[in-house]
Amino acid sequence: MTPDSSNGVVIIGTGQGGFQLAACLRQEGFEGPITMIGDEPGLPYQRPPLSKAYLKDGRVETIQLRPGSFYERNAIRMMVPERAIRIDREQGLVETLTGGLVDYDHLVLATGARNAVPPIPGLDAANIFGLRTSVDADRLRDRLAVRRRIVVIGGGFIGLEFAAVAISGSHDVTVVEAASRLMARAISPAMSEHFRRFHEALGTRIVLGTGVAEVILGSDGAAHGVRLTDGTELPCDMILLAAGVRPNVELAQTAGLTVDNGIVVDSTLLTDDPAISALGDCAAFPDPVGGSLIRLESVQAASDQARLIARRLTGKHTSYDAVPWFWSDQADWKLQIAGLGTGADEDVAVEQIGARKLVFRFKMGQLLAVETINSAGEHMAARQLLRRSQPITRAMLEEWKFDLGGLAKALKELS
Ligand SMILES: Cc1cc2nc3c(=O)[nH]c(=O)nc-3n(C[C@H](O)[C@H](O)[C@H](O)COP(=O)(O)OP(=O)(O)OC[C@H]3O[C@@H](n4cnc5c(N)ncnc54)[C@H](O)[C@@H]3O)c2cc1C
């Protein structure tokens, strides 16, 4: 693609990754047209505060990624709210819900994910909420204006972040998680246990290993409680459904692109059509360590992938091998994860003073990931270590008494 290509780059999705791509394209010197098509109203915003500060204060200016003047100054055409409904790969155009046809030289799918809805009877009652968009957060904030008995379905990051905010407002909160531990997909058993104790100490009830069998509806059609798979009934006035997400892949699928738990891309984030890339929550890419397809749901992955595509589209070739990292704020605990712990066969938990805790995750003696609570320095050192081409072994860490900063410094001096 030439830097001034006539139809330019069209980005579907005005979320974290879509925004970052448009901004990076201009930073990298792309001078052609950039069009963003997004089905949410308003300007691109960040989602992490939706389950944290924004849920409490509702200050829109704190979540917006850039003011309107940024898009004007950088000649980024915003088509919002507008939904892309079809991709015509032969003609190189996107059709929108209001009948618009937008030509592209290169198309980027940054369609994100949506809340998963498990097959539980009664989940369509009016007092059951999801938390994905700023509109969802606004609705929830309104509901939290009076004291409620709340059931949270799902003990993952978003369910627990919401629970921490709700309990701080003196609501009665129960988190129901079908798995045997919290955040099981993402963190070690030791860290799950730290967080279970922490949330219980805050006053939240945690029910593990038992799913929700059905929502109990009152004669008004509203949810009055849930019945668990073991028969227990939990009365409530509202429910937060936080049972994971599904990638938005339908546009890609109907356009004939390969989809496998996400829009399949190679290590340069290209789909099997050389004129179409995909990034962020909707994209499944080859794990640089194991090679299998993975999908990351994080700001850092969406942003790094956007940077990479911008570089590729402006002729600077590179592939995606960033060390993944993630954070979650739950009350005054900041959980940070450097690396991916999937496939770990050994965990080493190290306790520090106060709420500072670390878990090291290994596979066959090699460090895969480090989980920390309120330990920003150790998290940064772990990222530095995991970026190295040489593996960090358990033996090396033992020699350094698990002092990540010390080991990182020593290795830097050696290189
Ligand atoms: C409540 C909450 C808290 C979070 N907290 C954290 C956190 O603490 N740390 C962290 O790293 N990550 C967090 N995340 C995850 C993070 O926000 C996402 O990983 C990130 O936003 C992914 O960016 P994206 O561009 O891939 O998708 P998104 O930001 O979801 O953007 C996708 C956009 O595409 C739009 N779209 C979809 N289909 C179409 C279509 N056909 N036409 C037009 N538009 C379309 C969607 O409506 C959406 O606006 C959180 C997410 C949520 C919901």
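## Close-up views of a predicted model

**View 1. The ligand between two domains.** Domain 1 (9–114 + 246–313) and domain 2 (128–243) both contribute residues to the shell around the ligand, and therefore the ligand lies between them. The model shown in this and the following views is a predicted one. In the domain assignment of the chain, these two domains are listed together with domain 3 (332–414). The C-alpha centres of domain 1 and domain 3 are 32 Å apart.

View 2. The ligand is surrounded by 34 residues, and the closest of them are Gly17, Asp39, Glu40, Lys52 and Asp281.

View 3. Aspartate 39 places a polar side-chain atom 2.5 Å from an oxygen atom of the ligand. Serine 298 takes part through its backbone, with an N or O atom that lies 3.0 Å from an oxygen atom of the ligand. For valine 299, too, a backbone N or O atom lies 3.0 Å from an oxygen atom of the ligand. The protein covers 96% of the 1,000 Å² of accessible area that the ligand has on its own. The elements that supply two or more residues to the shell are α1 (16–27), α9 (299–313) and β22 (325–330), and α1 gives the most, with three residues.

**View 4. An open sheet of five strands.** Five strands, in the order β9-β16-β10-β11-β12, form an open sheet in which the pairing is parallel. The edges are formed by β9 (128–129) and β12, each of which pairs on one side only. Strands of a sheet pair through backbone hydrogen bonds, and the pairing can be either parallel or antiparallel. Within this sheet, strand β10 (residues 149–153) and strand β16 (residues 238–241) run parallel and are joined by four bridges. Isoleucine 150 stands opposite methionine 238, a residue of β16.

View 5. Strand β11 (residues 172–177) pairs with strand β12 (residues 205–208) in the parallel sense, over four bridges. Together with helix α7 (residues 189–202), the strands β11 and β12 make a β-α-β unit that is right-handed.

**View 6. Two loops with backbone details to notice.** Most residues other than glycine have a negative phi, and most peptide bonds are trans. Valine 80 and proline 81, however, are joined by a cis peptide bond, with omega at about -15 degrees. Proline 81 has its place in the loop between β3 (76–79) and β4 (84–88). The other loop, between α8 (250–254) and β18 (263–264), holds asparagine 261. The phi of asparagine 261 is near 50 degrees, which is a positive value in a residue other than glycine.

Technical notes
Residues are numbered from 1 along each chain as its sequence is written. This is a predicted model: local features need pLDDT of at least 70, side-chain atom pairs count only at pLDDT 80 or more; totals for chains, interfaces and linings use all residues. Side-chain values use heavy atoms; hydrogens and water are left out. A residue is near a molecule or strand if one of its heavy atoms lies within 4 Å of it. A polar contact is a pair of N or O atoms within 3.5 Å; within protein, one must be able to donate a hydrogen and the other to accept it, and residues adjacent in sequence count only if both atoms are side-chain atoms. Accessible areas come from the Shrake-Rupley method with a 1.4 Å probe; for residues, only the protein chains shown count as cover. Domain bounds come from an automatic or database domain assignment. Two strands pair if DSSP finds at least two bridges between them. A crossover is right-handed if, with the strands pointing away from the viewer, the path from the first strand over the helix to the second runs clockwise.
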